[in-house]
Amino acid sequence: MQYVKQFFMVLWKIFFVLNFGLTLILFYPIFFVLLSRKEWFPKAFKMMQFWARVILYIPGIRFRVKYESKLSPNKTYVYCSNHSSYLDIVLSYCAIPYYFVFMGKRELQKAPLFRIFFREMNILVDRKSTIGSHRSLEEAAKKIQEGESVMLFPEGTISRESPKLRAFKNGAFKLAIEQQVPIVPVTFINNWKLLQDRPFLQGLSRPGLALVEVHRPISTKGLTLDDLLTLKAQVQNTIEKSLHDYEQKNKRK
């Protein structure tokens, strides 16, 4: 029975990857044009939001987003989320309604076709280089000063022990404090149960309902770098509580 279940999970994962690849090829000419000029980036973002829904809906993933408070289209935020699955990036474009830029690992630059999104619009981070990481934060600060929100994963990479969080890095919180913009915790509650980061023939993979919680923005007005650790703990505790509440609720079922 276990082998049959594993077979169908692998089959679904192959379908998911094919759907991602084929739709990227299909939409690539549109992205190529929209990403060629900065003034067209908002239109490219809207197209990415549409593509994200195509990536999810065709293989049978639905999503439900809970907002603790209404986000403002006229405000700049630093979005900060847990990272448990490759679905997190896709769901970000479904959960956050207004334009933002992503900070992603430099390895994405090697991905065929996909690297076009990090040519100018989004930001690549070299996690292995202190200087490279600092330059990425400087670039993110510049984006914020231009009125663009930024989203990043403070764990730095996908947690292999999901839903347990990896230690948060300081970059997101330093960025929010120095730029004096609100930080918004985002919890991807069960993505790791739908598409797990494991060797291809292993790990959970299936259609289902993805749950996302966009928490209340935390003001950084008046905070200094002396408050960085407190802010980091507040964001991490907010996300951990959301994950814990979900697990406890499921245990009672």
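Reader: Which residues of H5 are buried?

Author: This is a predicted model, in which local features need pLDDT of at least 70 and side-chain atom pairs count only at pLDDT 80 or more, while totals for chains, interfaces and linings use all residues. Residues are numbered from 1 along each chain as its sequence is written, and side-chain values use heavy atoms, with hydrogens and water left out. Helices (H or I, at least four residues) and strands (E, at least two) are DSSP runs numbered from the N terminus, and buried means under 20% relative accessible area, exposed over 50% and partly exposed in between, with a 1.4 Å probe and protein chains only. In H5, the buried residues are Gly171, Ala172, Phe173, Leu175, Ala176 and Ile177.

Reader: What covers the buried residues of H5?

Author: Cover is judged here by contact, that is, heavy atoms within 4.5 Å. The elements over the buried residues of H5 include strand S2 (78-81), helix H4 (130-145), strand S5 (149-152), strand S6 (183-188) and H7.

Reader: At what angle do H5 and H7 pack, and how far apart are their axes?

Author: Two packed helices are described by the angle between their axes and the distance between the axes. The axes are lines fitted to C-alpha atoms, for helices over the stretch in contact, and angles run from 0 to 180 degrees between N-to-C directions. For H5 (residues 171-179) and H7 (residues 228-251), the angle is about 120 degrees and the axes are 9 Å apart.

Reader: Which residues in H5 and H7 meet, and how many are nonpolar, polar or charged?

Author: From H5, Phe173, Lys174 and Ile177 meet Leu228, Leu231, Lys232 and Val235 in H7. Ala, Val, Leu, Ile, Met, Phe, Trp, Tyr, Cys and Pro count as nonpolar, Asp, Glu, Lys and Arg as charged, and the others, Gly among them, as polar. By these classes the contact of H5 with H7 has 5 nonpolar, no polar and 2 charged residues.

Reader: What is the phi of Gln180, and where is Gln180 found?

Author: Most residues other than glycine have a negative phi, and most peptide bonds are trans. Gln180 is not a glycine, yet has a positive phi of about 55 degrees. Gln180 is partly exposed, with a relative accessible area of 29%. Its place is the loop between H5 and S6.

Reader: Which residues does a cis peptide bond join?

Author: Pro163 is in the loop between S5 and H5. With omega about 10 degrees, the cis bond joins Ser162 and Pro163.

Reader: Is Tyr77 buried or exposed, and which residues does Tyr77 touch?

Author: Tyr77 lies in the loop between strand S1 (61-67) and S2. At 3% relative accessibility, Tyr77 counts as buried. Not counting residues up to four places away in sequence, Tyr77 touches Leu71, Ser72, Ser149, Val150, Pro182, Val184 and Pro217.

Reader: Which residues does Met9 touch?

Author: Met9 lies in helix H1 (residues 2-34). Met9 is buried, with a relative accessible area of 10%. Not counting residues up to four places away in sequence, Met9 touches Gly203, Leu204 and Ser205.

Reader: What radius of gyration does the protein have?

Author: The radius is taken over C-alpha atoms, and the globule rule is 2.2 Å times the number of residues to the power 0.38. For 253 residues, a compact globule would have a value near 18 Å, and the protein agrees with this at 18 Å.
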